[in-house]
Amino acid sequence: MHREIIRKQSESPARLQAFFQTCLRTVFLASVPVIMLSLSACSGSEMGAASSNASLNDDIPAPAASPVVLTIGTADTGGSMYPAGNAIAKALENNDSNLKINVSASSGSVTNVADLVKNRFDMALVSGDTAYDAFQDLPPFSGKDTKDIRVLGAVYSSMSNWIAPKSSGITFVHDLKDQIIANGPAGSSTDRNGRIVLETLGIDSDNRILNTGFGDTLSRLSKSEVTAVHGFAGIPIASLTETAEKMDIRLLMFRHDELLKILSRNPAYHLTTIPSGTYRGQNDAIATFGIKCLLCVSASMDDETAEKITQTLIRSSGDLSKTIPVLGELSNPEFLCTDLPIPLHPGAKKAYREAGLLK
């Protein structure tokens, strides 16, 4: 090799230059695959990292949606609205994990309407006669901007119940003249309905009416602080059931002509019957009147929310009818959307049409 180099050095400069160019070309061509392989490896690493990152991003769960918290107004805990409101709240939450429903006790329908239009409640249970008067701008709502009340569905029927101890000897509601009556909380549909009944039957203002919660019923009757108790709610009314278990009571009656006079006072009322055996010691069915209790909202509730809630009511109606006796009428889903005294919310109407319950 040394001899070859010495021999090449003795050759002409031109031939020596050609020899070195050939060597450089050979080295360069041998290096190209290595360079390309390195570039390919680098590129592959970057793409692999990008692909890996994309895969990791795919595995990252989307941020959980913020829960929607709604409040439903009911009434006194001893009546029917409160347990009905609890059952409805549970049904809504069970069908939509993003919903949280707060159940609020209140003094009843009249105050529930006021709280709806003032956005203190998102939903509220309201007696149909009260809802009708609010929508029609009639007393006690005249000039109070309550016409924007709407309904998602009827959930049960409220019935007029009047009880007195058997020892009182009282048989008919019209026998209560000059007696002391527990007439439910002030501002409730029970109080309002009871006053309409007494006025229609000619029982004047000398009659003593106490506004007390249903929970006080048994105590006041046992102490003879009141002669009779009025309840306007879905049957059986819990506090009246408890009272009938502790003392002998009589469910007071109306004459047919008296019922017709009462019905003429409000187009939302209808004739109905309290079945025998509803309360202990009640051996006969009692003719009375009633009205649907409505799940109401403001007209300002967005259509999508109203539709979703109504869809849940429709899907859950059968199960709800089995939760508590007062919701038994929901075994027929048409009960939700027929014979309503005020308009349905547009979102609710859409849900009923899609379910084939409305045309």
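Residues 24 or more positions apart account for 75% of the chain's contacts with a separation of 6 or more, where contact means heavy atoms within 4.5 Å. This is a predicted model: local features need pLDDT of at least 70, side-chain atom pairs count only at pLDDT 80 or more, and totals for chains, interfaces and linings use all residues. Residues are numbered from 1 along each chain as its sequence is written, and side-chain values use heavy atoms, with hydrogens and water left out.

The chain holds 11 helices and 10 strands. These are DSSP runs numbered from the N terminus: helices are H or I with at least four residues, strands are E with at least two. Of the 359 residues, 45% are buried. Buried means under 20% relative accessible area, exposed means over 50%, and partly exposed lies in between (1.4 Å probe, protein chains only).

Start with helix 5, residues 128-135. Here 6 of the 8 residues are buried, so helix 5 is largely enclosed by the rest of the structure. The buried residues are G128, D129, T130, A131, D133 and A134.

Follow the chain out of helix 5. Just after this helix, D137 takes a positive phi of about 60°. A cis peptide bond then joins P139 and P140, with omega about 5°. P140 sits in the loop between helix 5 and strand 4. That loop also holds D145. D145 has a positive phi of about 55° although it is not a glycine. Its relative accessible area is 66%, so D145 is exposed.

Another cis peptide bond joins I235 and P236. Its omega is about -5°. P236 lies in the loop between strand 7 and helix 8 (238-246).

Now turn to helix 6, residues 189-200, where N193 is found. N193 counts as buried because its relative accessibility is 0%. Its side chain makes a polar contact with the side chain of Y269, at 3.5 Å. A polar contact is a pair of N or O atoms within 3.5 Å; within protein, one must be able to donate a hydrogen and the other to accept it, and residues adjacent in sequence count only if both atoms are side-chain atoms. Beyond its neighbours within four places in sequence, N193 touches S160, H230, F232, Y269 and F289.

T272 belongs to strand 9, residues 270-274. With 19% relative accessibility, T272 counts as buried. Leaving aside neighbours within four places in sequence, T272 is in contact with M159, I286, A287, T288, F289 and G290.

Next come the helix pairs. Two packed helices are described by the angle between their axes and the distance between the axes. Axes are lines fitted to C-alpha atoms, for helices over the stretch in contact, and angles run from 0 to 180 degrees between N-to-C directions.

Take helix 3 (residues 81-95) and helix 10. Their axes come within 9 Å and cross at roughly 125°. Helix 3 and helix 10 are therefore oblique to each other. Angles under 35 degrees count as roughly parallel, over 145 as roughly antiparallel, 65 to 115 as roughly perpendicular and the rest as oblique. Helix 3 passes helix 10 in a right-handed crossing. A crossing is right-handed if the near helix is turned clockwise from the far one by less than a right angle, and left-handed if anticlockwise. Helix 3 contributes A87, I88, A91, L92 and N95 to the contact, and helix 10 contributes I309, T312, L313, R315, S316, L320 and T323. By class, this contact has 7 nonpolar, 4 polar and 1 charged residues. Ala, Val, Leu, Ile, Met, Phe, Trp, Tyr, Cys and Pro count as nonpolar, Asp, Glu, Lys and Arg as charged, and the others, Gly among them, as polar.

Helix 10 (residues 303-323) also meets helix 11 (residues 346-354), with axes that come within 7 Å and cross at roughly 45°. Helix 10 and helix 11 are therefore oblique to each other, and their crossing is right-handed. D303, A306, E307, T310, Q311 and I314 of helix 10 meet P346, G347, A348, K350, A351, Y352 and E354 of helix 11. This contact has 6 nonpolar, 3 polar and 4 charged residues.

The loop between helix 10 and helix 11 holds D339. D339 is not a glycine, yet has a positive phi of about 55°. At a relative accessible area of 70%, D339 is exposed.
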